[in-house]
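Here is a short briefing on a protein model. Look over the sequence and the structure before reading on.

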Amino acid sequence: MNFVNLKHSEAMNPTIEKFGYPATLIKEFEHWLVLCRPAQVTLGSLVLAAKSGATAYSSLPREAFVEQADAIAAIEAALTSFVAYERINYLMLMMVDPNVHFHVIPRFSAARTWNGIQFPDAGWPGPPKLDAAAKLDEARLEALTREISSNFR
């Protein structure tokens, strides 16, 4: 997998910034960023965001599609280690935040506990309930970002 050195000085698109970049940055690829989602729908919820300013998936360069396979493999391996999910959902919504991105929601039938907080999957076994997300304070979000990052290889 081709991970790139973090480039915090680069300007990022508004969607990436809305999801807390650079504080929520977990892993950077050439065309993609993996971010810890500030509102945790389930424990380990992430955002896979294209670094380009594209607002249409089809506008991404061909290389981004190839690299997306590496990003997804890294995400799934890390979340398997971190939260032992049973299923995983990739949601491309792009209604409020128009730049290309996916919400990555690990799914599980039984609640997971992290740092003394219980994270149920309120929608299991149906669609995830985005409005039931736990909003973490800055310190917990930073700790969760670090811990999930440590599961990436």
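Leaving aside neighbours within four places in sequence, Leu46 is in contact with Ile26, Val34, Leu35, Cys36, Arg37, Ile75, Leu79, Phe102, His103, Val104, Ile148 and Phe152. The model is a predicted one.

**Nonpolar cores**
- The largest nonpolar core has 34 residues. Those with the most contacts inside it are Trp32, Leu46, Ile75, Leu79 and Phe152.
- At least two residues of this core come from each of β2 (32–36), β4 (46–50), α2 (62–83), β6 (101–107), β8 (117–119) and α3 (138–149).
- The largest share, 8 residues, comes from α2.
- Another core, of 9 residues, lies apart from it; Met12, Tyr21, Leu25 and Val47 are among them.
- In soluble globular proteins, nonpolar side chains tend to be buried together.

**Largest pocket**
- The largest pocket has a volume of about 170 Å³.
- Its lining has 6 nonpolar, 2 polar and 3 charged residues. Lining residues include Lys18, Arg37, Met94, Asp97 and His103.

**Backbone features**
- Most residues other than glycine have a negative phi, and most peptide bonds are trans.
- A cis peptide bond joins Tyr21 and Pro22, with omega about 5°. Pro22 sits in the loop between α1 (14–18) and β1 (25–28).
- Trp124 and Pro125 are also joined by a cis peptide bond, with omega about 0°. The loop between β8 and β9 (134–135) holds Pro125.
- Met94 has a positive phi, near 50°. Met94 is in the loop between β5 (87–91) and β6, and is buried at 16% relative accessible area.
- Asn115 has a positive phi of about 55°. Asn115 lies in the loop between β7 (112–114) and β8, and is partly exposed at 46% relative accessible area.

Terms used: Residues are numbered from 1 along each chain as its sequence is written. This is a predicted model: local features need pLDDT of at least 70, side-chain atom pairs count only at pLDDT 80 or more; totals for chains, interfaces and linings use all residues. Side-chain values use heavy atoms; hydrogens and water are left out. On a 1 Å grid over the protein atoms alone, a cavity is a set of points where a 1.4 Å probe fits but cannot get out, and a pocket is an open set with protein on both sides within 12 Å along at least five of seven lines; lining residues have an atom within 4 Å of a point. Grid points are joined across faces, edges and corners, and a volume is the space filled by probe spheres set on the points. Ala, Val, Leu, Ile, Met, Phe, Trp, Tyr, Cys and Pro count as nonpolar, Asp, Glu, Lys and Arg as charged, and the others, Gly among them, as polar. A nonpolar core is a set of buried Ala, Val, Leu, Ile, Met, Phe, Trp, Tyr and Cys residues joined through side-chain atoms within 4.5 Å. Buried means under 20% relative accessible area, exposed over 50%, partly exposed in between (1.4 Å probe, protein chains only). Helices (H or I, at least four residues) and strands (E, at least two) are DSSP runs, numbered from the N terminus. Contact means heavy atoms within 4.5 Å.
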